[in-house]
Amino acid sequence: MKKTKLLVVGWDGADWKVINRLVEQGKMPTIARVIDSGTIGNIATLDPPFSPMLWTTIATGKYPFKHGVLGFSEPLADMSGVQPISSLSRKTKAVWNILTQNGYFCNVVNWWPSHPAEPINGFMVSNFFKAIKDFKFQPLPQGTVHPPEFAEFFNHLRLLLPEISGEMLLPLVPQAREILEKNPKRLQGITENLATTFSVHNVATWLMENTSWEFMAVYYDIIDHMSHGFMQYYPPRLPHIPEEDYELFNQVVEGTYILQDYMLGALLDLAGDDVNLILLSDHGFHSDHLRPRAVPSEPAGPAYQHRNYGILLLHGPLFKQDERIYGASLLDITPTILYAYGLPVGQDMDGVPLVNAFRQPTEIKTVPSWDKIPGQDGRHNKSAAESNYDRAEILQQLIDLGYIEKPDSDGFRAAQKTQRELNYNLARSYMFANLFDKAALILQDLFDQEPHLGRFAIRLATCYERLSDPDRAWDVIKTFDQKLAEYTDNLTKEISELSGKIQQLHQSKDKDEKELSRLQERLSDKRRALQGARKDKYLSDIFKASLYSDQKEYNKALDLLLGIKEKIIPNPDFLSKIAEIYILKKDFASAEKFLQQAYDLDPENANVLYQLGYVAFLQNHYQLALDYLLQSATLLYYNYRTQYLLGLTLKELGEYERAALALEVTLLIAPNFTRARNILIDLYEKHLNNPEKAEHHRKYFTSPQEFISDFQEQILDQPNDLRVKPETKAIAQASDKDPIIVVSGIPRSGTSLMMQILEQAGIEIFTDHKREKDENNPRGYYEHEAVKKIAQQSDFLDNLPGRSVKIVSHLLPYLPDKHVYKILFMERNLDEIVRSQLKMIERLKGEKKEYRYFQLKNHLTIHLHRIKQWISRQSNIQVLYVSYHDLIDNPEQIVWQVAEFLNIPPNKIPAMVKVIDPSLHRTKFNDKK
């Protein structure tokens with residue numbers, strides 16, 4: 001029997017938004033090929049989103065509070081200073097230890113953190129394997145390579161920094177030669193990253209070609225580093241980015257992705273056709289209008305540039321082809337690897353195998369914990385002490401990237417600060433796992449030491465709120481407000497004093513440049529701190545609004561939030577908080593308004609999609625609710641609120657089996673959710689005729705221990721039953737009623753023209769003529785005011801069977817289920833639509849909106865994809881997609897198709913064709929902007 005061969009490739013910070021664009025342009029051929037014949041999906045990150053924590057979670061299947069890696073750096077054992085985080089901090093077996101224990105030959109290259117290298121069955125090259133900055137080879141830091149006798153050989157696979165020529169930089173920076181001549185330091189960061197990446201790739205390819213490996217893991221960090229440094233220059237240009245800098249660096253990110261694609265191709269060629277590939281990232285990266293203009297002035301502030309979803313791609317003999325997977329988490333990777341090798345999954349692991357990605361799923365085997373199974377696992381001995389390796393270069397890199405502060409010259413104080421950050425990260429990890437009691441103990445101590453810091457105060461108050469202790473939450477916030485006000489006053493005074501001293505120095509004849517530079521640096525620090533304090537004040541008010549809302553004082557909450565909205569640039573999460581309060585007030589129209597704004601900013605925000613689904617559910621728009629909730633679950637599968645509401649929605653739609661599956665997932669996540677369990681029991685008894693399962697869930701209330709035993713057996717042995725996926729329904733057949741004819745599409749796609757055609761066919765048009773014809777639509781709009789209010793009231797449709805109504809595509813999900821519809825959906829080149837819409841706005845309001853071009857096009861692209869998915873799931877809708885250009889260029893042919901679709905007599909066709917006047921349709925793709 002052929003052994004499983006598995007290659008795991010980590011691309012830190014890689015994001016589907018960038019990849020999809022480059023794949024469409026034909027610039028990433030390797031990943032395009034793998035996507036077409038593999039399984040892909042989003043993978044949810046964890047909080048805090050710091051790479052050493054995340055990659056250790058990937059390698060262990062456990063939360064950071066279990067695996068022990070809690071940041072970028074750690075104090076020395078004697079608290080005399082700080083060192084980069086090491087593999088010795090990990091307190092549980094990694095996947096390569098488990099595989100070593102089971103006799104598999106493993107190679108691990110550059111995993112973060114993996115220094116000092118562990119003595120596994122195979123080769124390990126640690127994350128201290130960096131490029132050489134000098135012109136001659138330097139010895140590798142002790143502990144970089146296992147087996148150590150290969151250290152000297154691997155050292156010569158490292159690149160010397162001077163080996164990165166100007167020509168090698170051109171794909172990333174086309175003007176590299178000119179920059180190198182004038183100011184080579186501008187490209188030093190790019191040069192160092194390229195040299196290190198080529199060095200890592202050299203070792204990885206050598207190991208693949210020269211060892212009989214069964215498991216291979218290689219980690220690349222260049223996408224993350226280049227994104228942190230240059231994503232602000234990625235197209236389209238942001239308003240605050242100087243054009244000159246944009247022209248120099250706008251290809252750096254794209255060139256980095258293309259380089260990684262070439263390297264992936266080389267790895268796959270060496271691995272052979274029998275290899276199974278898992279390609280993933282630990283988080284994504286904002287590459288659009290959500291890119292932050294600046295990062296917060298706090299440790300690990302650059303992580304605010306991250307997106308919550310990374311990439312996941314599985315390919316090879318074990319995995320399905322051309323498939324999507326939903327709800328994957330970083331926690332699931334190690335369980336999936338063990339499952340691929342037929343090994344048991346540890347019950348103490350927090351993830352589950354991604355069984356739905358496999359072509360031939362098998363039973364999931366489990367053990368209580370791999371940590372309790374003795375054997376030769378390749379870990380360091382417990383008594384092993386880390387050698388005095390050279391930490392300075394790695395620490396400096398972390399400082400340069402902004403992940404850690406420059407250590408205090410006082411070693412003990414630096415160690416204390418670092419320990420504080422590790423404790424804070426531990427508390428955040430507990431919070432992410434909903435262990436608020438444990439998080440609160442840590443945060444209370446941090447808050448007591450520094451009560452003016454918002455990051456400690458807000459999270460501590462959140463813990464108390466989630467623990468149903470609002471009094472303590474209020475106490476924290478009130479104390480914080482008082483201390484913040486004192487801190488802000490002191491900062492303001494210090495800034496004033498420093499400004500005065502700097503002014504005096506400028507006016508002095510004997511100006512001390514060194515002292516001036518020191519004072520200016522202090523002034524910048526104080527100003528950044530003041531800016532952070534003002535932001536913390538907003539965060540405090542936002543949290544107060546949450547407390548007011550808990551107390552049902554909704555107007556107070558709204559006053560706070562709407563006041564803040566006028567002073568900041570709102571993000572999707574902030575807008576969803578406002579919407580949440582409107583939902584509680586049962587003002588669904590206002591809630592939808594703010595949720596739509598949030599959705600426009602970020603169509604892939606799982607919480608916003610959930611809230612849109614909730615609002616639709618509360619208004620009995622169950623099909624619309626289902627659409628939003630499925631999208632939310634696709635992004636964040638293991639969210640009990642989403643799964644519970646999915647269950648209720650499917651129950652209302654009469655899809656009882658799928659409703660039961662969603663409720664089973666709800667209880668898998670939140671077993672104490674008694675309301676969900678009672679609904680599930682009701683489903684099994686009254687709708688699914690399954691008294692055995694109903695009785696099983698009753699045991700939760702009557703025999704808890706017996707229930708837990710049954711529960712583990714059922715859940716672990718039948719994971720495929722827990723996935724709720726969209727299903728396409730059959731198109732409705734004949735109905736007693738005539739269908740309502742709906743002309744739809746994106747505005748400016750040709751809907752008015754189609755209404756004119758139907759009018760000539762003798763079909764009665766539903767219009768009130770309130771919107772008069774104008775330059776934008778010389779023959780009229782054929783609209784009715786009632787359509788705009790369809791979300792609130794749709795009774796007007798009761799009188800429309802056999803008649804035609806124009807409804808823009810954004811409103812289609814509000815069509816009530818009781819009618820049968822035939823939709824003529826107009827399609828037109830999106831570039832033309834966007835230009836036409838922007839020109840129409842310019843004509844109506846005299847405002848030029850060209851700067852919104854790409855944002856609008858991206859929004860419409862996503863909308864079209866989703867609305868077509870929604871249409872495909874409706875059993876009461878038939879649809880004919882009509883190309884606007886084909887209608888103009890071949891009117892007879894397209895009108896015949898429309899006539900057949902609507903059963904219009906052939907003698908009407910000449911009059912219908914006569915309506916089409918190509919001269920009226922002006923905006924073409926090749927028009928000038």
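**Reading backbone, burial and packing**

Mentor: Let us begin with lysine 552, which is exposed, since its relative accessible area is 61% and the cut-off for exposed is over 50%. Please keep in mind that this is a predicted model.

Trainee: Where does lysine 552 lie, and what is its phi?

Mentor: Most residues other than glycine have a negative phi, and most peptide bonds are trans. Lysine 552 has a positive phi, near 65°, and sits in the loop between helix H19 (513-550) and helix H20 (554-565). Arginine 748 is a further non-glycine residue with a positive phi, near 75°. Its loop runs between strand E17 (740-745) and helix H30 (751-760).

Trainee: Is arginine 748 buried or exposed?

Mentor: Arginine 748 counts as buried because its relative accessibility is 17%, and buried means under 20%. Asparagine 434, which follows H15, also has a positive phi, near 65°.

Trainee: Which peptide bonds are cis, and where do the prolines concerned lie?

Mentor: Proline 116 belongs to the loop between strand E5 (106-109) and strand E6 (122-125). Another cis bond joins proline 235 and proline 236, with omega about -5°. Proline 236 is placed in the loop between H10 and helix H11 (243-249).

Trainee: How is the packing of H9 and H10 described?

Mentor: Two packed helices are described by the angle between their axes and the distance between the axes. Here the axes of helix H9 (residues 188-210) and helix H10 (residues 222-230) come within 10 Å and cross at roughly 170°. H9 and H10 are therefore roughly antiparallel to each other, as angles over 145 degrees are classed that way. On the H9 side the contact is made by Ile190, Asn193, Leu194 and Thr197, and on the H10 side by Ile222, His225, Met226 and Phe230.

Trainee: What should the 22 residues of helix H15 span?

Mentor: The expected span is 1.5 Å times one less than the number of residues. For H15 (residues 411-432) this gives 32 Å, and the end C-alpha atoms are 32 Å apart, which agrees.

Trainee: How should I compare separation in sequence with separation in space?

Mentor: Consider lysine 478, which is placed in helix H18 (residues 470-507) and is exposed, at 54% relative accessible area. Lysine 478 and lysine 544 are 66 residues apart in sequence, yet their C-alpha atoms are 9.7 Å apart. Alanine 616, in helix H23 (residues 606-618), is buried, with a relative accessible area of 1%. Alanine 616 and aspartate 627 are eleven residues apart in sequence and 9.8 Å apart, C-alpha to C-alpha. Leaving aside residues up to four places away in sequence, alanine 616 touches His621, Leu624 and Ala625.

Trainee: What is the count of disulfides?

Mentor: A disulfide requires a pair of cysteine sulfur atoms within 2.5 Å, and by this rule the count is zero. Cysteine 106 is buried, at 0% relative accessible area, and cysteine 463 is likewise buried, at 0%.

Trainee: What describes the protein chain as a whole?

Mentor: The chain has 36 helices and 20 strands, and buried residues make up 56% of its 929 residues. Among contacts between residues at least 6 apart in sequence, 69% join residues at least 24 apart. The chain exposes about 42000 Å², with carbon and sulfur atoms supplying 48% of it.

Note on methods
Residues are numbered from 1 along each chain as its sequence is written. This is a predicted model: local features need pLDDT of at least 70, side-chain atom pairs count only at pLDDT 80 or more; totals for chains, interfaces and linings use all residues. Side-chain values use heavy atoms; hydrogens and water are left out. Helices (H or I, at least four residues) and strands (E, at least two) are DSSP runs, numbered from the N terminus. Buried means under 20% relative accessible area, exposed over 50%, partly exposed in between (1.4 Å probe, protein chains only). Contact means heavy atoms within 4.5 Å. Accessible areas come from the Shrake-Rupley method with a 1.4 Å probe; for residues, only the protein chains shown count as cover. Axes are lines fitted to C-alpha atoms, for helices over the stretch in contact, and angles run from 0 to 180 degrees between N-to-C directions. Angles under 35 degrees count as roughly parallel, over 145 as roughly antiparallel, 65 to 115 as roughly perpendicular and the rest as oblique.
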